[in-house]
Amino acid sequence: MVNRAQVRRAKPKKVDTCKQATTLILTYLMGELDSKTTRSFEEHLMICPDCVAFLNTYKKTIQFTKSLQYDEIPNEMKKRVKEFLRNKIKLDPDNR
Amino acid sequence: MIPKRHIRPKKTSSEKSQLSSNEERLLIERVKAGDQKAFEAIFSLYVSRVYRQALKLVGNEADANDVVQEVFLLVYRKANSFLGKSEFSTWLYRLTANAALTKLRQIKREKVVSLDEYMPKFRKDGHHLVRPVADWTQDIENLVSIMESRQIIQQAIDQLSPIDKAVVVMSDLEELSNPEISKTLGISVQAVKARLHRARLFLRGRLTSHFGYSPT
């Protein structure tokens, strides 16, 4: 059974400055801030256009990262690797 | 009883014809017994996924090729060390992550970029040093800027340290949870969050700079 003292809860924080707000962005976006800190964070946003701009650009950066696209394995490479593995396994001293 | 969580990277259309977990388990047992046909079936089933994961981490086709070779050799040679406590795909994901990280550590980055240069700076009273902070999200109107921004992001990701890059890739591209990333990379959840936040601030700083504004 989990002892109460073992459950570490983060103390609610008051967000008075942009520096404090910036530190909390990741946790805020993950929805992991407690309700008091969330309210304080959002109150800071209401009076700070700089932090609104910062948050917008932070979120847009994540969106761009998520939108990166990567090519599928070329068929030629698939064949080459398969051939390489066949040969390697044949020569493998551990070949079972 | 709390069910175990497993890493399930997104599947592509080519992977839709997945085996049932029972069929997969039987296939692995045959690989363990040295059945090369079964090994080739595993290869065909997972090679696309392993390649994509490797490519995201190492960033180029040639190194991704090396990682794929390395991973499947390990699958063949170390199949007996897969005890079935996790799903095979989870085991394979971790093998690939480790092989890609080893490869990344061998690749010399062209130039070491100081992350600090792109971090936000604050005045003594805790407010932003450079004001107003530019909201360049309004500047991205056309496809060219979107393509350019993706290129900048990709270049910036390639400038991160191997471990930071892995955290960004696993979180934002593979959509793994922080505890899953923590387990895969062998670092604490707190460290995952700290590295992810710092890396995202760097990527944001690079983009901000690209749009002609102060990254700080």
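This is a short tour of a predicted model, one selection at a time.

**Before you click**

Residues count from 1 along each chain as its sequence is written, and chains are lettered from A, with ligands numbered from 1, in the order in which they are written. Because the model is predicted, local features need pLDDT of at least 70 and side-chain atom pairs count only at pLDDT 80 or more, while totals for chains, interfaces and linings use all residues.

**Stop 1: colour by confidence**

The model scores ipTM 0.86 and pTM 0.87. The mean for chain B is 88, and 88% of its residues reach 70 or more. Select residues 1-5 of chain B. There pLDDT stays under 50, and the model has 1 contact beyond four places in sequence for this stretch. A contact means two residues whose C-beta atoms, placed from the backbone, lie within 7 Å.

**Stop 2: chain B as a cartoon**

How many helices and strands does chain B have? It has 8 helices and 0 strands. Helices (H or I, at least four residues) and strands (E, at least two) are DSSP runs, numbered from the N terminus. Read along the sequence, the pattern is α-α-α-α-α-α-α-α.

Of the contacts in chain B with a separation of 6 or more, 68% join residues 24 or more positions apart. Of the 216 residues of chain B, 36% are buried. Buried means that 20 or more other C-beta atoms lie within 10 Å of a residue's own; exposed means 12 or fewer, and partly exposed is in between, with C-beta atoms placed from the backbone.

**Stop 3: helix α1 of chain B**

Select residues 21-32 of chain B. This is helix α1, and its 12 residues should span 16 Å at 1.5 Å a residue; the end C-alpha atoms are 16 Å apart, which agrees. The expected span is 1.5 Å times one less than the number of residues. After α1(B) comes G34(B), with a positive phi near 90 degrees.

**Stop 4: A79(B)**

Jump to A79(B), in the loop between α3 and α4 of chain B. Is A79(B) buried or exposed? It counts as buried, because it has 21 C-beta neighbours inside 10 Å. Leaving out residues up to four places away in sequence, A79(B) touches I28(B), V31(B) and K32(B). Show K32(B) too. It is 47 residues from A79(B) along the chain, yet their C-alpha atoms are separated by 5.3 Å.

**Stop 5: two domains**

Colour residues 13-106 of chain B as domain 1 and 115-210 as domain 2. These bounds come from an automatic or database domain assignment. The C-alpha centres of the two domains lie 29 Å apart. In the contact between them, 8 residues of domain 1 meet 7 residues of domain 2. On the domain 1 side, α2 (36-58) and α4 (88-106) of chain B give two or more residues each. The largest share, 5 residues, comes from α4(B).

**Stop 6: where the chains meet**

Show both chains. The contact takes 35 residues from chain A and 45 residues from chain B. On the chain A side, select α1 (18-29), α3 (49-66) and α4 (75-91), which give two or more residues each. The most, 13 residues, come from α3(A).

**Stop 7: the nonpolar cores**

A nonpolar core is a set of buried Ala, Val, Leu, Ile, Met, Phe, Trp, Tyr and Cys residues joined through C-beta atoms within 7 Å. Select A54(B) and V68(B). Of the 54 residues in the largest core, these two touch the most other members. The most residues in this core, 11, come from α2(B). Both domains of chain B give residues to this core, so it lies between them.

Zoom in on V68(B). Not counting residues up to four places away in sequence, it touches V81(A), V47(B), V50(B), Y51(B) and A54(B). A second, separate core has 12 residues, including L33(A), F41(A), A53(A) and F54(A).

**Stop 8**

Most residues other than glycine have a negative phi, and most peptide bonds are trans. Select R131(B) and P132(B). The peptide bond from R131(B) to P132(B) is cis, with omega near -5 degrees. P132(B) sits in the loop between α4 and α5 of chain B.

Last, select E175(B), in the loop between α6 and α7 of chain B. Its phi is positive, near 55 degrees, in a residue other than glycine. E175(B) is exposed, because 12 other C-beta atoms lie within 10 Å.

How values were computed
pLDDT = per-residue confidence, 0-100.
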